[in-house]
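Please brief me on this structure. Keep it short and group the points by topic.

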Amino acid sequence: MTTNSAASSPWLTQDAFDRLQSELQYLSGPGRAEIVARIEAARSEGDLKENGGYHAAKDEQGKTEARIRQLTELLRNAHVGEPPADHGVVEAGMMVTAKIAGDEETFLLGSREVAVGTDLDVFSEKSPLGAAILGLKKGESTHYTAPNGKDIAVEIVDAKPYTG
């Protein structure tokens with residue numbers, strides 16, 4: 001299967017991009033400063049081996065730094081803007097209806113960051129399912145290998161642009 005550069009970069013709506021940019025700015029500035037202040041306050045309490053506040057703040061610092069790295073990478077590589085054209089081809093930014101192992105499911109193919117606050121199922125175009133169906137059209141079928149090693153049949157029922 002071949003992929004193009006749009007397929008290798010995550011698709012985000014402008015709203016999702018702006019929200020993630022704001023989160024990154026907060027975490028990189030005031031968020032980091034708050035954690036550093038908590039670490040310093042906990043450190044001043046004495047023995048670090050048995051200091052739960054210190055260890056909790058250090059753990060939070062690690063999670064925050066990981067989120068900063070994740071957001072930086074996502075925003076650097078994201079394709080931002082309108083969903084793809086309504087031409088029925090499965091690509092990032094499309095709502096896909098597919099028969100997966102005989103069951104019909106509808107989901108967004110793209111970044112889960114787009115669907116924050118919704119109960120929408122999202123599959124990355126880099127996931128085994130996403131990679132298998134990328135570029136397919138309505139009525140086309142394929143198989144993919146699930147993480148558990150099982151071979152799963154997929155038939156594309158429909159693909160429409162995500163409208164949020």
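Predicted model: local features only at pLDDT ≥ 70, side-chain atom pairs only at ≥ 80, totals over all residues.

Residues are numbered from 1 along each chain as its sequence is written, and side-chain values use heavy atoms, with hydrogens and water left out.

**The sheet**

- An open sheet of 5 strands runs in the order β5-β4-β3-β7-β6, with mixed pairing.
- Strands (E, at least two residues) and helices (H or I, at least four) are DSSP runs, numbered from the N terminus.
- Two strands count as paired if DSSP finds at least two bridges between them.
- Strands of a sheet pair through backbone hydrogen bonds, either parallel or antiparallel.
- β5 and β6 (141-145) stand at the edges with a single partner strand each, so one side of each has no neighbour in the sheet.
- β3 and β7 (residues 151-161) run antiparallel and are joined by 7 bridges.
- M94 has P161 in β7 as its bridge partner, and T97 stands opposite D158 in β7.
- β6 and β7 are also linked, in the antiparallel sense, over 5 bridges.
- Y144 faces I152 in β7, while T145 stands opposite D151 in β7.
- β6 and β7 make a hairpin with 5 residues between them, and G149 in the turn has a positive phi of about 95 degrees.

**The aromatic pair**

- The structure holds 1 aromatic pair.
- The ring centres of F107 and F123 lie 4.9 Å apart with their planes at 75 degrees, so the pair is edge-to-face.
- Rings of Phe, Tyr and Trp (its six-membered ring) pair if their centres lie within 6.5 Å; planes under 30 degrees apart are stacked, over 60 edge-to-face, and the rest tilted.
- The pair links distant parts of the chain: F107 is in strand β4 (residues 103-109) and F123 in strand β5 (residues 122-123), 16 residues apart.
- F107 is buried, at 1% relative accessible area, whereas F123 is partly exposed, at 27%.
- Buried means under 20% relative accessible area, exposed over 50%, and partly exposed in between (1.4 Å probe, protein chains only).

**A positive phi**

- A101 is not a glycine, yet has a positive phi of about 55 degrees.
- Most residues other than glycine have a negative phi.
- A101 sits in the loop between β3 (94-100) and β4, and counts as exposed at 56% relative accessibility.

**The largest pocket**

- The largest pocket holds about 390 Å³ of space.
- A pocket is an open set of points on a 1 Å grid over the protein atoms alone, where a 1.4 Å probe fits, with protein on both sides within 12 Å along at least five of seven lines; lining residues have an atom within 4 Å of a point.
- Grid points are joined across faces, edges and corners, and the volume is the space filled by probe spheres set on them.
- Its lining has 16 residues, and P10, L74, S111, R112 and S124 lie nearest the centre.
- The elements giving two or more residues to this lining are α3 (52-77) and β5, and α3 gives the most, with 4 residues.
- The lining of the largest pocket divides into 4 nonpolar, 7 polar and 5 charged residues.
- Ala, Val, Leu, Ile, Met, Phe, Trp, Tyr, Cys and Pro count as nonpolar, Asp, Glu, Lys and Arg as charged, and the others, Gly among them, as polar.
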